[in-house]
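Please open the structure in your viewer and keep the sequence beside it. The tour moves from one selection to the next and says what is found at each stop.

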Amino acid sequence: MADQKASATRAPKNKWPEVVGLTAEEAQNRIKQDMGVVHFQVVPQGNFVTMDHRPQRVRIFIDPDNKVSRPPRIG
């Protein structure tokens with residue numbers, strides 16, 4: 001019962017540090033489990049991105065080996 005209350009009061013997840021080192025596809029699959037409807041933007045490391053915030057977008061920054069290089073976050 002206490003676990004149900006804790007999960008019900010927990011804030012929605014907005015960052016996924018646990019996917020750093022996974023491939024972009026593996027990270028997308030993991031994040032979909034938490035968010036459901038989401039738009040992914042896979043961005044090569046070092047590329048510029050706009051500063052607008054979109055609550056249904058998650059940017060995944062990847063290195064040259066297609067591995068997630070920093071924690072993806074909503075925005």
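The stops below follow a sheet and a helix.

This is a predicted model, in which local features need pLDDT of at least 70 and side-chain atom pairs count only at pLDDT 80 or more, while totals for chains, interfaces and linings use all residues. Residues are numbered from 1 along each chain as its sequence is written, and side-chain values use heavy atoms, with hydrogens and water left out.

Begin with the sheet, which is open and mixed in its pairing, with three strands in the order 1-2-3. Strand 1 (39-44) and strand 3 (73-74) are its edges, and each has a single partner strand, so one side of each lacks a neighbour in the sheet. Strands here are DSSP runs of E with at least two residues, helices are runs of H or I with at least four, both numbered from the N terminus, and two strands pair if DSSP finds at least two bridges between them.

Next, select residues 57-62, which are strand 2; this strand runs parallel to strand 1 and is joined to it by six bridges. Along this pairing, Phe 40 stands opposite Val 58, and Pro 44 has Ile 62 as its bridge partner.

Now turn to the other pairing, where strand 2 and strand 3 are antiparallel over two bridges, and find Arg 59 opposite Arg 73.

Stay on strand 2 and show its side chains: Arg 57, Arg 59 and Phe 61 point one way, Val 58, Ile 60 and Ile 62 point the other way, and all are buried (under 20% relative accessible area with a 1.4 Å probe, protein chains only; exposed is over 50%, partly exposed in between).

Finally, select residues 24-35, helix 2, which lies across strand 1, strand 2 and strand 3.

Key: Contact means heavy atoms within 4.5 Å. Axes are lines fitted to C-alpha atoms, for helices over the stretch in contact, and angles run from 0 to 180 degrees between N-to-C directions.
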